[in-house]
Amino acid sequence: MPICANPKTRRIKIPVQQGAVILSLRDYSAAEYTRFMNDRYEVRRNGKFEDRSMQSRLRFVDDLLVGLEAEDTEGNPDTVTYVDPKSGQEEPLTPEVKNWTRYVNPSWKIAAAQELEVANVEVENVTLKN
């Protein structure tokens, strides 16, 4: 099975309750990934670090997010919903909703970013071993 070096989208499955949400992220450039990694920490004048990793992860995923899906406990397609602030009604959350990414649960975004970080660290560790 071939491994694509630059897939158009990456689908990251996040367990939620008994099901899962799947965040679809567009491919990112080396510059975007480097900026993301560099933005995680700020070095202060006194040599101390400020951890900004959560904000950096949220910003990175917001920049890449192109789709959102859900699966039920059996892996069948399901729907992600949100409460529309204007109507107060629960509606399907899709990219057609204005500013839809702001309604995506931040913990899902952070989990997706961490998944990307882990995958890249694994590649780096294998490279270092060789």
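**View 1. Helix 2 spans residues 53-64.** Its twelve residues reach 17 Å from the first C-alpha to the last, close to the 16 Å expected at 1.5 Å a residue (the expected span is 1.5 Å times one less than the number of residues). Helices (H or I, at least four residues) and strands (E, at least two) are DSSP runs, numbered from the N terminus. The model is predicted: local features need pLDDT of at least 70 and side-chain atom pairs count only at pLDDT 80 or more, while totals for chains, interfaces and linings use all residues. Residues are numbered from 1 along each chain as its sequence is written, and side-chain values use heavy atoms, with hydrogens and water left out.

**View 2. The buried residues of helix 2 are Ser 53, Ser 56, Arg 57, Phe 60, Val 61 and Leu 64.** Buried denotes under 20% relative accessible area, exposed over 50%, and partly exposed in between (1.4 Å probe, protein chains only). Down the axis of helix 2, the buried residues fall within an arc of 125°, so they line one face of the helix; the arc is that of the directions from the helix axis to the C-beta atoms. An α-helix has 3.6 residues a turn, so residues three or four places apart point the same way.

**View 3. Tyr 28, Tyr 33, Phe 36 and Phe 60 form one aromatic cluster.** The whole structure holds six aromatic pairs (Phe, Tyr and Trp rings, the six-membered one for Trp, with centres within 6.5 Å; planes under 30 degrees apart are stacked, over 60 edge-to-face, the rest tilted). The ring centres of Tyr 28 and Phe 60 lie 5.4 Å apart with planes at 65°, so this pair is edge-to-face. It links distant parts of the chain, 32 residues apart: Tyr 28 lies in the loop between strand 2 (19-26) and helix 1 (30-39), and Phe 60 in helix 2. Both Tyr 28 and Phe 60 are buried. For Phe 36 and Phe 60, the centres are 4.2 Å apart and the planes at 5°, so the pair is stacked. Phe 36 belongs to helix 1 and Phe 60 to helix 2, 24 residues apart, and both are buried.

**View 4. Strand 4 (residues 49-51) contains Phe 49.** Phe 49 is exposed, with a relative accessible area of 60%. Glu 50, also placed in strand 4, is partly exposed at 28%. Between Glu 50 and Arg 40, ten residues apart in sequence, the C-alpha to C-alpha distance is 8.5 Å.
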